[in-house]
Amino acid sequence: FAGLTGHSQGIVVGALAPLSAPGIWPRGLSLQAGAVIAAEEINGAGGIGGKPVRIVTYDTAGQPAQAA
C-alpha cells in the first residue's frame, strides 16, 4: 500500500497496482480485489477506531516511472 492517512470521513488506503497493459494487469486486478475484500472485512467489523476504510487504487501500468 502506498499510504495510509486519516480522513474526516474515514481512513483512505492507497495502493499502486498494474491495472492495464503493458503491466501484468491480471495480478494487479487480484491485488486490487484483495485490498477491497480486506477493507470490506475491516469495515464489517467496525472499521479502524470506528472509522471506515476506503481503498484508492492508482494504475501504474507496470511502469516504474508512472508509479513514482
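This is a short chat about the predicted model shown above.

Me: How many helices and strands does the protein chain have?
Reply: The model is predicted. Its chain has two helices and three strands.

Me: And in what pattern do they come along the sequence?
Reply: The pattern reads β-β-α-β-α.

Me: Which strand does E2 pair with, and in what sense?
Reply: E2 covers residues 10-17, and its partner is E3, residues 53-59. They pair in the parallel sense, over seven bridges.

Me: What does the chain pass through between E2 and E3?
Reply: Helix H1, residues 25-44. The β-α-β crossover from E2 through H1 to E3 is right-handed.

Me: Back to the bridges. What is the partner of Ala17 in E3?
Reply: Asp59 is the bridge partner of Ala17.

Me: New topic. Where is Gly10, and is it buried or exposed?
Reply: Gly10 sits in strand E2. Its relative accessibility is 4%. Buried means under 20%, so Gly10 counts as buried.

Me: What about Gly10 and Gly49?
Reply: Those two lie 39 residues apart in sequence. In space, the distance is 9.5 Å, C-alpha to C-alpha.

Me: Where is Gly49, then?
Reply: Gly49 is in the loop between H1 and E3.

Me: Why does Gly49 count as exposed?
Reply: Because its relative accessibility is 80%, and exposed means over 50%.

Me: Let's move on to Thr60. Where is that one?
Reply: Thr60 is in the loop between E3 and helix H2, which spans 64-67.

Me: Is Thr60 buried or exposed?
Reply: Buried. Thr60 has a relative accessible area of 7%.

Me: Which residues does Thr60 touch?
Reply: Leave out residues up to four places away in sequence, and Thr60 touches Leu16, Ala17, Pro18, Gln66 and Ala67.

Me: Now the whole chain. What share of the residues count as buried?
Reply: The chain has 68 residues, and 21% of them count as buried.

Me: And how much accessible surface is there?
Reply: About 4400 Å². Carbon and sulfur atoms account for 62% of that.

Me: Last one. Of contacts between residues at least 6 apart in sequence, what share join residues at least 24 apart?
Reply: The share is 52%.

Definitions and conventions
Residues are numbered from 1 along each chain as its sequence is written. This is a predicted model: local features need pLDDT of at least 70, side-chain atom pairs count only at pLDDT 80 or more; totals for chains, interfaces and linings use all residues. Side-chain values use heavy atoms; hydrogens and water are left out. Two strands pair if DSSP finds at least two bridges between them. Helices (H or I, at least four residues) and strands (E, at least two) are DSSP runs, numbered from the N terminus. A crossover is right-handed if, with the strands pointing away from the viewer, the path from the first strand over the helix to the second runs clockwise. Buried means under 20% relative accessible area, exposed over 50%, partly exposed in between (1.4 Å probe, protein chains only). Contact means heavy atoms within 4.5 Å. Accessible areas come from the Shrake-Rupley method with a 1.4 Å probe; for residues, only the protein chains shown count as cover.
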